[in-house]
Amino acid sequence: MALLTFVLAFAQFGISGLIVKGNLQFWGAVAFLSLFCTIVAFYVQIAAIRKSTPTRASFLMGTEPLFCLVLAHLLLLEQ
């Protein structure tokens, strides 16, 4: 999907449309979100799942999209 998106963006905007112009604060935010909100969150989730039973783990992993839907609706007022 990333490759297809890259090819389509390159075809539509050219190489200049792919260059992200950001200051140090922007790249710091990208690094922070990449490290702590993705890598650390997945590590903690996997570490917690290892200590759980297979039934509970499959239930939690299988209903994760439902929890996301409910929380987005309740907290962010999304439809």
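How exposed is phenylalanine 10, in terms of relative accessibility? At 40%, phenylalanine 10 counts as partly exposed, a class that lies between buried (under 20% relative accessible area) and exposed (over 50%), with a 1.4 Å probe and protein chains only. The model is predicted, so local features need pLDDT of at least 70 and side-chain atom pairs count only at pLDDT 80 or more, while totals for chains, interfaces and linings use all residues. Residues are numbered from 1 along each chain as its sequence is written, and side-chain values use heavy atoms, with hydrogens and water left out.

An α-helix has 3.6 residues a turn, so residues three or four places apart point the same way. Three aromatic pairs are found in the structure, a pair being rings of Phe, Tyr or Trp (its six-membered ring) with centres within 6.5 Å, stacked if the planes are under 30 degrees apart, edge-to-face if over 60 and tilted otherwise. One of them joins phenylalanine 6 and phenylalanine 10, which are stacked at 6.4 Å centre to centre with 15° between the planes. Phenylalanine 6 is also partly exposed, at 45% relative accessibility. Because the planes of phenylalanine 26 and tryptophan 27 stand at 75°, with ring centres 4.9 Å apart, this pair is edge-to-face. Phenylalanine 26 is partly exposed at 35%, and tryptophan 27 is partly exposed at 42%.

Next come the cysteines. No disulfides (cysteine sulfur pairs within 2.5 Å) turn up in a search of the whole structure. For cysteine 37, the nearest cysteine sulfur belongs to cysteine 68, 14 Å away. Cysteine 37 is partly exposed at 45% relative accessible area, and cysteine 68 is partly exposed at 46%.

Valine 40 lies in helix 2 (residues 24-50) and is partly exposed, at 37% relative accessibility. Valine 40 also belongs to a nonpolar surface patch, whose members include Phe32, Leu33 and Tyr43.

Helix 4 (residues 64-76) has 13 residues, which should span 18 Å at 1.5 Å a residue; the end C-alpha atoms are 17 Å apart, so the two values agree. The expected span is 1.5 Å times one less than the number of residues. Leucine 77 follows helix 4 and has a positive phi of about 60°, although it is not a glycine. Most residues other than glycine have a negative phi. At 71% relative accessibility, leucine 77 counts as exposed.

Technical notes. Helix = DSSP H or I, 4+ residues; strand = E, 2+ residues; numbered from the N terminus. Patch = residues over 30% accessible without salt bridge, like charges linked within 9 Å, V, L, I, M, F, W, Y side chains within 5 Å. Areas by Shrake-Rupley, 256 points an atom, 1.4 Å probe, with all protein chains shown as cover. Salt bridge = Lys/Arg side-chain N within 4 Å of Asp/Glu carboxyl O.
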